[in-house]
Every structure is written in C-alpha cells, then in structure tokens.
Amino acid sequence: MQVILYKRHKAACPHKHDKTHRRCRCSVWLEWNAGGKQTRKSAKTFSWEFAQEKARAIEQAHLDAELGRGPAPSEAKRVDAAIALFMDSKRGEDLAENTLYKHTLTLKRLQAFCDHEGIFFVSAITLSHLTTWRATWTFESPLAKRNNQERVKSFFKFCTDAGIIPVNPTAQLSSVQVKADESQKVRPFEPKEYKAVLATVAKSGLQPRNQARVKACMQLQRWSGLSLVDALCLSKDELQHAAGKFRVRTKRRKTGVAINNVIPLWLGKELLRVKNGNPHFVFITGEATTKGAVSTMDKMYRQVFRTAGIAGTSHMFRHTFSVELLKAGVDIRKVSKALGHSSVTITERYYAKWNKAQQDILDDDRARAF
C-alpha cells in the first residue's frame, strides 16, 4: 500500500494548478487505498517533509498488520470503525440522548488524539498512549476528568469483550482521585438571587414570547425539581390537573425513574398559558431536536443570568428545589423520590449537609448521650 501526497491549494495560490508544488503554504493531503477503501485526509501541515513522515507511518502500520506484526488487515479494526460499533451498541441500550452525546464527545477526543499520533488501529493504542493523552485533559474538576476516563474505559472494555483487541489497555490506567467534597459542589439560589433572576427576565432583551417561556421553565424547575431537559420535554399529558391541584407526572430521561410532584396552582395555570404552537408539549415546538431545544433554552437562561449579574446555571433551580425541601425538614428519602434519584445514597452524596431532619435527630441523640 502506498500513500500519495498532494497539495490542496487555496484559491488565491499562484500554484493551484500544480498539486505537487511543495514551496507554498497550502495544506498537504494524504490519499491511500486499503482493503478497497479509498481514504483522503489532511496531513494538517503545509510542510511536505513532515507530511512524508506521516505517510511513511501510515504505510508502516498497514505493513506491520499484513506481515503478522499486528492483526491481519481483514481483521484489524480501525479506531473510527470501533468507535462507530461501540456507539451502535450504546444506542441499542436506549440510553438518554445526553448520555450518548457525552460518549460521542469523549470518543471524538480519542479519535483526535489518535489522528495526531498517527494511530490507525485500536490494537495499537497502549497504556502509554492513554497516559500521555490523559495528561493533556483540561477539565474544570477532577470529577469531570474521572467521568471522561470512565467513558474511555467503557469503550476499551467493549473492544476487549467484542474481540477487537486482545488486552484492555485501560486495565492498568490509574484512577482519577476525587476529593469527597468535589461531588458536593452544589449551590442553590439564595432567595434574593432567585427573585432577582425572575425579575431580570423582563429586562434581558429576550423576545416577549421567549420571556414567558423562560420564566415559566425556570419556575417549573424550581417547584418540581426537574432538570432542564425534563422540564423542556414535559408533555401536556404529564401536566395533570385534578382535585384542585396541578402535578407533574413524568419519567426522568436520564434514568427512567418516575416523578410525581405536586406544583403550585398558580404555576400550573401559567404553564398552560405558554404558547409554543405544539398541541402535545408545554415548551418544545417539535421543530428542533431535543439537544437543539435544550441548547437554545440554555443560551436564553445564560442571557438572563448575565443581565442579572449572577453566576447561575439551569441545574441550580433543581438544587434550590432540593435544598429548600430539606431546610424545611422534609425527610431526605422523600426528597430523593421527588428528584427521581435511583437511590437515596445519590441524594445524600449531594445534599447531606442541608439535611435538617437528620441533623435534628443527631442533635437529640447527642443531647441524650450528654
């Protein structure tokens, strides 16, 4: 197999009719045919000499596979093909869109690293490669870094189980240490902040129709504990009105756990007044994907937060719902159920320090011990 180099000239380049001209600053591209598949990709350089080194590396990788120094070409699985197979497997598990998106994003990072290092087959990825790659990660917190690593490990475990690679290179990858309080960086809105955010919606520069939608969605999150995606995807059938009460009866898109929460009467009426042109949903119009709708609403939220001068996120409304219940003395097991958590352990991990009822019991027990 031979890799052919050529220049893809810019429109203004005086040498645009000569694909082999080496002295201009236009990109060098690589082209080869392996197993009947034609591949063209940028060498990501204008240096012909550097592109030649990449070409030789590609030729060597395929030669090694052909001569038995790696899997046979017919059996070798390219990184992009293995990623595609893994994502097909994940889609078959009926995971939430947000979870699939996170897997996709992580594996795009892996693909970019492999492209940069000239790694074409999954079997060529070693522990050394992964350690080097991990050192370049720039996540905001150790928790995010750990979650990204877990998705990487999930991919390589799949490749091992599927027989794509004989040994899992992540088996000896060291753990990412997360301090206990990293998982507890929960900040609810203070009462004054929450009022300020709602008051700012009308001054945020959003269109009047969007102002009404944003304010209603924020209040729905605050009083029902729904995440942004669950609030946006709420159907009109899931907003139920009976016996003088409104309730939200739905399932979390992330976990499938049922939620059945009463909301204030005034909020139920406000949600019914939201205009979106869709007879089935409260907020989404049906013209965009769920991911697109969430992205659009999140941008409008952030516009409101900027105008208010508050460092807020959509999830802080969910935190406010949880914390205010706990501060009022509601049992954490009931709060866990209202949030749609699959286990009260998850709720305790994030909200234990606001658990007034538990603290009161502890104080009474200690007082009796004294």
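So, Phe156: leaving out residues up to four places away in sequence, this residue touches Leu110, Val122, Ile125, Leu130, Ile165, Asn168, Pro169 and Thr170, where contact means heavy atoms within 4.5 Å. Before I go on, this is a predicted model, with local features needing pLDDT of at least 70 and side-chain atom pairs counting only at pLDDT 80 or more, while totals for chains, interfaces and linings use all residues. Residues are numbered from 1 along each chain as its sequence is written, and side-chain values use heavy atoms, with hydrogens and water left out.

Back to Phe156. You'll find Phe156 in helix 5, residues 142–161; helices here are DSSP runs of H or I with at least four residues, strands are runs of E with at least two, and both are numbered from the N terminus. Phe156 counts as buried because its relative accessibility is 0%. For the cut-offs, buried is under 20% relative accessible area, exposed is over 50%, and partly exposed is in between, with a 1.4 Å probe and protein chains only.

Leu143 and Lys179 are 36 residues apart in sequence, yet 8.6 Å apart in space, C-alpha to C-alpha.

Okay, what does helix 5 pack against? Helix 3, residues 97–117, packs with helix 5 at an angle of about 80°, and the axes are 10 Å apart. Those axes are lines fitted to C-alpha atoms, for helices over the stretch in contact, and the angles run from 0 to 180 degrees between N-to-C directions. That makes helix 3 roughly perpendicular to helix 5, given that 65 to 115 degrees counts as roughly perpendicular, under 35 as roughly parallel, over 145 as roughly antiparallel and the rest as oblique. On the helix 3 side the contact is made by Lys102, His103, Thr106, Leu107, Arg109 and Leu110. Helix 5 brings Asn148, Arg151, Val152, Ser154, Phe155 and our friend Phe156. By class, the residues of this contact divide into five nonpolar, four polar and three charged. Here Ala, Val, Leu, Ile, Met, Phe, Trp, Tyr, Cys and Pro count as nonpolar, Asp, Glu, Lys and Arg as charged, and the others, Gly among them, as polar.

Now the cores. Which residues touch the most other members of the largest nonpolar core? Those are Val214, Met218, Leu271, Phe283 and Tyr301, in a core of 36 residues. By nonpolar core I mean a set of buried Ala, Val, Leu, Ile, Met, Phe, Trp, Tyr and Cys residues joined through side-chain atoms within 4.5 Å. Elements giving two or more residues to this core include helix 7 (208–224), strand 5 (245–251), strand 6 (258–263) and helix 11 (315–327). Helix 10 gives the most, with six residues. Take Met218: neighbours within four places aside, Met218 is in contact with Val197, Leu198, Val201, Tyr301, Val304, Phe305 and Phe317. There's also a second, separate core of 24 residues, including Val79, Leu110, Ile164 and Leu173.

On to helix 11. With 13 residues, helix 11 reaches 18 Å from its first C-alpha to its last, close to the 18 Å expected at 1.5 Å a residue; the expected span is 1.5 Å times one less than the number of residues. Its buried residues are Met316, Phe317, Arg318, His319, Thr320, Phe321, Ser322, Val323 and Leu326. After helix 11 comes Gly329, with a positive phi near 95°.

Arg252 lies in the loop between strand 5 and strand 6. Is Arg252 buried or exposed? Buried, with a relative accessible area of 9%. Beyond four places in sequence, Arg252 touches Asp230, Val257, Ile259, Arg318, Leu339, Gly340 and His341.

Ile332, Arg333, Val335, Ser336 and Leu339 in helix 12 meet Val344, Thr347, Glu348 and Tyr351 in helix 13.

Lys44 has a positive phi near 55° without being a glycine, and is exposed at 63% relative accessible area. Ala243, another non-glycine residue, has a positive phi near 55° and is exposed at 81%.
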